[in-house]
Amino acid sequence: MTRSFVVGGAGFIGSHLVERLIERGPVTVYDNLSVGKRAFLSHALSRGCELVLGDALDLPALEGAMLGHDTVFHLAANPEARWGLENPRLDLEQGTISTWNVLEAMRRTGAKRLIFASSGTLYGDTPKACAEVDLGSLPISLYGASKFAGEALISAFVACFGLSAWIYRFGNVVGPRGTHGAALDFLNKLKASPRELEVLGDGRQSKPYVYVADCVSGVLFGLDHAREPLNIYNIAPPGFTSVKRIAELCIAASPNPNARIRYTGGERGWPGDVPHSRLDAGKLAALGFRVSRTSDQALEEAVQVLAREVFG
Ligand SMILES: NC(=O)c1ccc[n+]([C@@H]2O[C@H](COP(=O)([O-])OP(=O)(O)OC[C@H]3O[C@@H](n4cnc5c(N)ncnc54)[C@H](O)[C@@H]3O)[C@@H](O)[C@H]2O)c1
């Protein structure tokens with residue numbers, strides 16, 4: 001029986017993952033609730049999941065809570081690439097150091113399997129559909145750089161200390177309980193200013209959006225089917241969706257479907273934003289995994305759900 005320990009498990013993706021993990025064995029969530037919420041775990045807590053309030057930067061507390069678990073999922077991070085512009089230490093601490101702490105706690109407690117939430121931002125500013133071997137273009141955000149550093153640390157711990165690891169580079173993940181991202185941002189802006197929606201950039205930025213249930217299914221599928229010491233997979237649907245399309249969907253789902261869009265201009269939303277990201281998820285597909293929704297379908301469904309959460 002798997003004993004799972006989920007760092008950052010009270011957040012958006014983590015809470016969906018925990019609902020699936022609870023079917024496989026005991027689960028402990030370790031989260032500082034800086035973004036995540038106890039309410040996101042209500043279903044899992046009613047089924048025996050344990051929530052430990054703690055910070056990934058507190059190594060002794062992390063180690064103490066991790067003891068007795070064999071499989072560690074690490075999802076805690078600064079969730080918004082943009083925030084690194086205001087606080088350049090944020091991703092160093094919440095991304096790189098927290099990942100080292102998780103690895104070191106695993107080494108000390110003897111936990112053997114790590115599953116890491118990485119990101120397609122790792123591939124940097126390239127319009128090419130990147131496969132796992134494509135790292136010719138390096139990250140352009142501090143967030144992406146911290147994922148890159150985290151992956152390098154994981155590779156070293158696997159080689160030096162006998163861990164196994166599954167690294168997943170997600171596209172943009174959307175769905176119920178979303179805590180950040182363009183769709184939620186737009187809906188909150190529309191709640192505050194129903195007549196006009198400000199959109200950063202020219203609206204032509206486009207990325208692959210994966211529905212959170214597909215993201216979690218991909219993570220578990222890879223864990224069950226990939227058996228190398230270090231396994232690296234992209235998780236994304238084929239295709240992509242433009243920011244303009246997301247803005248239109250959000251306006252249509254808002255109480256004022258006549259709101260106008262005001263673009264701030266420029267090809268990227270902020271320094272470090274990758275305007276056109278594409279992920280080649282063929283490697284996980286070759287193992288037999290299929291997502292259930294295209295990028296457009298994922299967003300259409302997510303915007304409906306998030307609009308209900310925002311507007312009630
Ligand atoms: N959402 C996406 O589109 C997306 C895309 C690619 C990668 N990812 C990665 O997936 C992971 C989960 O993302 P999410 O969207 O669920 O974000 P989220 O912010 O909803 O979840 C992160 C959780 O980690 C917790 N946390 C943060 N810092 C912590 C710390 N120092 N100690 C303990 N807990 C801490 C937060 O309270 C939150 O519950 C992150 O690593 C993120 O970088 C997300």
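Let's start with strand β7, residues 164–170. Six bridges join β7 to β12, and these two strands run parallel. Look for Y168: opposite this residue, in β12, stands Y233. Keep in mind that this is a predicted model.

Now the helices beside that pair. Helix α6 covers residues 142–161 and packs on the sheet. Its contacts there are with β5, β7 and β12. The direction of α6 makes about 160° with that of β5.

Next, the whole sheet. What is the order of the strands? It goes β3-β2-β1-β4-β5-β7-β12. That is seven strands in an open sheet, with parallel pairing. Who stands at the edges? β3, residues 50–53, and β12, residues 230–235. Each has a single partner strand, so one side of each is left without a neighbour in the sheet. From one strand to the next, the twist averages 20°.

Helix α1, residues 12–21, packs on this sheet too. It touches β1 (4–7), β2 (27–31), β4 (71–74) and β5 (113–119). Its direction makes about 170° with that of β1.

Last stop, the ligand. Around the ligand there are 28 residues. Which come nearest? G8, G11, G36, A77 and A117. Some elements give two or more residues to this shell: α1, α5 (90–109), β5 and β8 (172–174). Which one gives the largest share? Helix α1, with three residues. And the make-up of the shell: 14 residues are nonpolar, 12 are polar and two are charged.

One link to take away. Helix α1 packs on the sheet, and α1 also gives the largest share of the shell around the ligand.

Notes: Residues are numbered from 1 along each chain as its sequence is written. This is a predicted model: local features need pLDDT of at least 70, side-chain atom pairs count only at pLDDT 80 or more; totals for chains, interfaces and linings use all residues. Two strands pair if DSSP finds at least two bridges between them. Helices (H or I, at least four residues) and strands (E, at least two) are DSSP runs, numbered from the N terminus. Axes are lines fitted to C-alpha atoms, for helices over the stretch in contact, and angles run from 0 to 180 degrees between N-to-C directions. Two residues are in contact if their C-beta atoms, placed from the backbone, lie within 7 Å. A residue is near a molecule or strand if its C-beta atom, placed from the backbone, lies within 6 Å of it. Ala, Val, Leu, Ile, Met, Phe, Trp, Tyr, Cys and Pro count as nonpolar, Asp, Glu, Lys and Arg as charged, and the others, Gly among them, as polar.
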